[in-house]
Amino acid sequence: MDRTTPPPVNPSHAQSDVYEQGVVEAAFLWLLRSIAVGQSHYAVEGIVELEQRLTTELDGLMSSLDWGWQACEKALPSSDPGVVFTAMVTAMRSHEKTRIQQVVEVGLANARTIKGLISALGWLPGELVQPWIERFLTSKDLNHKYLGLAVCSVRRENPGEQLNLLLQREDCRSHAKLHGRALRLIGELRRQDLMPALQEAMGASEPTVVFWASWSAILLGDVAMVRNLQSIAFHRGPFQAQAIQLCFRALPIEQGREWVSKLASDAGQIRAVIQALGALGDPHAVNWLIGKMTEPLLARPAGEAFTHITGIELDKYQLTRAAPEGQLLNPDDDVSDAHVGIDEDENLPWPDAAKVASTWRSHGQHFLVGQRYFLGKPITADWLKNKLTRGTQRQRHAAALELALVDPQARLINTRAKMSG
């Protein structure tokens with residue numbers, strides 16, 4: 001053979017490479033989307049665009065389910081959550097029980113992989129997922145039960161009597177992760193009939209159980225339960241941010257100010273104070289926030305809190321400045337956070353404190369002291385629904401929580417759920 005002639009290409013190898021690359025692309029797009037749903041600069045349109053790109057990659061794998069599955073199976077040992085997502089979607093589309101069970105086993109291996117597994121079961125159509133939810137909830141394996149509850153949670157689907165039965169079982173109540181997810185689901189679905197289960201769980205020794213019992217009780221209308229979350233809101237830990245977001249929205253504004261003062265007495269909690277002020281929506285705090293905009297480590301979160309209260313977008317009104325040279329990532333990232341590598345301030349604008357102060361002098365008189373505000377307006381169901389459609393992702397998360405507190409009958413909207421058709 002002429003040495004200048006390339007060797008013949010094995011068609012099966014070429015085809016295999018195409019599908020393997022498809023798995024890589026789909027896994028990467030899933031990761032991008034999983035990050036984007038929590039970011040400050042993404043709105044619905046941007047998430048939908050990512051989902052459409054992901055759908056295109058998944059459709060490519062579905063063009064031959066056998067080839068697509070082989071590529072997924074080859075990638076599964078990587079334990080990448082995006083691969084687990086892609087493999088589960090492919091396995092479910094194939095209707096092959098052994099394939100589904102294989103992905104479930106890999107997905108349940110650790111806290112990272114299970115996210116891809118739950119996400120896939122939230123992504124797929126209900127007719128594919130429902131029989132498996134029932135199978136998981138009735139399984140003897142407590143990890144399967146947890147998976148079933150988590151899928152109900154992301155889909156906001158009511159497991160009905162299965163949830164009641166699970167909460168009555170001693171082995172389930174002894175499994176803190178499972179018990180916590182069941183208690184969380186009570187609040188998300190507004191299961192008023194299960195308030196006694198929340199009250200009982202508040203006496204547990206497991207912090208996860210106590211947190212979710214109190215969190216759900218507040219969503220069911222028992223605002224007095226914020227006292228159970230005060231210590232969590234005041235100390236760094238895995239539930240601090242969630243406690244702050246709920247408590248400072250549920251508290252009356254005067255009590256919220258008292259909590260802010262106590263929280264501010266700890267110099268190491270200033271970022272938490274800023275987050276609390278944004279959630280409280282108190283215009284009385286705006287001048288203090290503007291002062292924090294001069295401190296590089298606090299400037300961007302202070303700017304975000306300012307916008308959450310006033311509705312004044314820094315970029316839109318040209319109230320920004322260039323990033324200071326040599327600025328490092330946020331040093332306060334919590335090592336217990338699964339997304340520790342993601343700087344939560346990264347996509348926030350850098351506020352120009354002088355320009356913001358000037359703008360506030362012009363607009364501040366329109367805000368009433370003692371009135372809570374959300375993005376510049378008093379909190380009403382109509383305004384919150386508007387921001388659920390038009391806001392950025394963090395604004396949408398906040399609007400959903402506020403709306404649940406305003407309307408005790410409505411389910412807590414999952415603002416991380418699939419948005420495209």
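R156 sits in the loop between α8 (142-155) and α9 (161-168); helices are DSSP runs (H or I, at least four residues), numbered from the N terminus. The model is predicted, so local features need pLDDT of at least 70 and side-chain atom pairs pLDDT 80 or more, while totals for chains, interfaces and linings use all residues. Residues are numbered from 1 along each chain as its sequence is written, and side-chain values use heavy atoms, without hydrogens and water.

R156 counts as buried because its relative accessibility is 13% (buried: under 20% relative accessible area, 1.4 Å probe, protein chains only). A polar atom of the R156 side chain lies 2.4 Å from the backbone oxygen of L412. Beyond its neighbours within four places in sequence, R156 is in contact (heavy atoms within 4.5 Å) with E188, L189, R411, L412, I413 and N414.

E51 lies in helix α2 (residues 44-62). With 0% relative accessibility, E51 is also buried. Residues up to four places away in sequence aside, E51 touches R33, W123, A417, K418, M419 and S420. A polar atom of the E51 side chain is 2.6 Å from the backbone nitrogen of S420. The C-alpha atoms of E51 and W30 are 8.2 Å apart, with the two residues 21 apart along the chain.

Helices α13 (residues 207-219) and α15 (residues 240-250) pack with axes 11 Å apart, at an angle of about 30°. Axes are lines fitted to C-alpha atoms over the stretch in contact, and angles run from 0 to 180 degrees between N-to-C directions. The two helices, α13 and α15, are therefore roughly parallel (angles under 35 degrees). F211, W212, W215, I218 and L219 of α13 meet Q242, A243, L246 and A250 of α15.

Key:
Buried < 20%, exposed > 50% of the residue type's maximum accessible area, 1.4 Å probe, protein only. Polar contact = N/O pair within 3.5 Å; in protein donor to acceptor, adjacent residues only side chain to side chain. Parallel < 35°, antiparallel > 145°, perpendicular 65-115°, else oblique.
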